[in-house]
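Open the model in a viewer and keep the sequence panel beside it. The stops below can be selected one after another.

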Amino acid sequence: MTSLSTDPAVASSQRSGATSEQGAPKRRQGFWARENITKILFVVPAGLYLVLFFGYPVVKNLIMSMQDYTTKTFFTGEAPWVGFQNYVTVVSSNLFWPALLNTALFTVACIIGQFVIGLALASFFNRHFPLSRFLRAMLLLPWLLPLIVASATWRSILDQDSGILNQFLGTFGIPAIPWLTSPDVALLAVILVNIWVGIPFNVTLLYGGLQDIPEELYEAGELDGATGWKAFRHITWPNLRPVVSVVLILGVVYTIKVLDIILGLTNGGPANATQTIAVRSYQESFVNFEFGVGAAFSNILILISLVFAVIYLRANRRAVDE
């Protein structure tokens with residue numbers, strides 16, 4: 001037999017609790033909760049920006065690469081669908097494979113040079129000596145200069161007859177070198193100039209990564225005899241690896257599409273010695289006005305960048321897991 005409470009205070013509290021439970025509005029749960037809607041509203045502007053200024057151009061470029069898109073299209077509005085014919089034209093071109101090789105040599109040499117010099121300078125500035133801040137600020141000047149200005153400056157420096165570099169080498173009895181007019185030297189000259197341009201970017205990121213490594217690790221390493229090269233191998237490099245991944249990936253993405261420096265120095269010459277995929281894409285689009293073929297060149301460049309990024313990220317993740 002169930003006993004009922006006859007206490008007025010208990011009964012009143014039970015009635016008020018039941019009333020509050022019934023009268024309290026239930027919070028919306030699930031996808032349409034207020035918190036989720038607020039998060040979506042904050043993300044929508046960034047999403048629209050990416051779609052309009054990144055997604056649409058990429059899709060448009062992909063569609064254009066499968067059309068016969070020329071100057072005639074601007075007047076008639078017609079761009080006949082040709083499928084993969086533009087890609088066949090690109091691959092069968094006499095300049096495609098030399099341009100692909102030059103792109104690979106240019107990218108690899110620039111990345112290695114920029115990274116090695118950048119890491120050395122970042123380690124040097126990490127020691128905090130007098131005027132280190134001033135010198136770091138001066139080191140940013142090549143990065144702040146517009147690329148077309150930097151290329152024009154280096155064009156005058158590397159001039160065979162009146163360039164200051166050949167005049168300096170001449171004091172040591174070295175004959176004038178045709179830096180920008182010889183097919184054997186022109187690519188090397190372009191690589192050296194691009195290394196000069198990219199060093200500040202590498203120094204800035206790598207220096208920031210070195211600053212985040214706790215000094216306590218080096219102090220503990222000294223107790224175990226880890227100094228010099230051993231400290232770099234067992235302390236600096238493992239802690240710097242995430243920053244190195246960012247530096248290398250961004251470096252490849254920026255370097256593989258370099259156009260301003262090459263156009264300003266050699267315009268792809270001499271004798272197509274400095275032709276790259278990026279230069280071919282520009283020349284097909286804005287010199288020959290074959291926009292479909294130029295789009296095909298640029299899509300191949302994008303594909304190469306994506307393949308490298310995926311392979312490197314997987315290899316780096318595997319190394320970290322091990």
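Are Glu284 and Arg280 buried or exposed? Both Glu284 and Arg280 are buried. Before going further, note that this is a predicted model.

**Stop 1: helix H14**

Select residues 277-286, which make up helix H14. Of the 10 residues in H14, 8 are buried, so this helix is largely enclosed by the rest of the structure. The buried ones are Ile277, Ala278, Val279, Arg280, Ser281, Gln283, Glu284 and Ser285.

Now show the side chains of Glu284 and Arg280. They form a salt bridge, with 2.6 Å between the closest N and O atoms. The count of salt bridges in the model comes to 1. Glu284 and Arg280 are 4 residues apart in H14, or about one helical turn. An α-helix has 3.6 residues a turn, so positions three or four apart point the same way.

**Stop 2**

Step back to Pro270, in the loop between helix H13 (260-265) and H14. The peptide bond joining Gly269 and Pro270 is cis, with omega at about -5 degrees. Ala271 is in the loop between H13 and H14 as well. Its phi is near 55 degrees, a positive value in a residue other than glycine. Most residues other than glycine have a negative phi, and most peptide bonds are trans. Ala271 is exposed, at 67% relative accessible area.

**Stop 3: Leu131**

Leu131 is not a glycine, yet its phi is positive, about 70 degrees. With a relative accessibility of 62%, Leu131 counts as exposed.

**Stop 4: helix H4**

Select residues 85-92, helix H4, and colour Asn86, Tyr87 and Val90, the buried residues of this helix. Then look down the axis of H4: the buried residues fall within an arc of 100 degrees, so they line one face of the helix.

**Stop 5: a nonpolar patch**

Switch to a surface view and select Ile40, Val44, Leu48, Tyr49, Leu50, Leu52, Phe53 and Phe54. These residues form a nonpolar surface patch, and together they have about 800 Å² of accessible area. One of them, Leu50, sits in helix H2, residues 34-64. Leu50 counts as partly exposed, because its relative accessibility is 47% and that class covers values between 20% and 50%.

**Stop 6**

Keep the surface on and select Glu215, Glu216, Glu219 and Glu222, which form a negative patch. Glu222 belongs to helix H11, residues 215-223. The relative accessibility of Glu222 is 55%, so this residue counts as exposed.

From Glu219, draw a C-alpha to C-alpha distance to Ala231. How far apart are Ala231 and Glu219 in sequence and in space? They are separated by 12 residues in sequence and by 10.0 Å in space. Ala231 is in helix H12, residues 229-256.

Definitions and conventions. Residues numbered from 1 in each chain as written. Predicted model: local features only at pLDDT ≥ 70, side-chain atom pairs only at ≥ 80, totals over all residues. Heavy atoms only, no water. Patch = residues over 30% accessible without salt bridge, like charges linked within 9 Å, V, L, I, M, F, W, Y side chains within 5 Å. Areas by Shrake-Rupley, 256 points an atom, 1.4 Å probe, with all protein chains shown as cover. Salt bridge = Lys/Arg side-chain N within 4 Å of Asp/Glu carboxyl O. Lys, Arg positive; Asp, Glu negative; His and termini not counted. Charge placed at Lys NZ, Arg CZ, Asp CG, Glu CD. Helix = DSSP H or I, 4+ residues; strand = E, 2+ residues; numbered from the N terminus. Buried < 20%, exposed > 50% of the residue type's maximum accessible area, 1.4 Å probe, protein only. Arc of directions from axis to C-beta.
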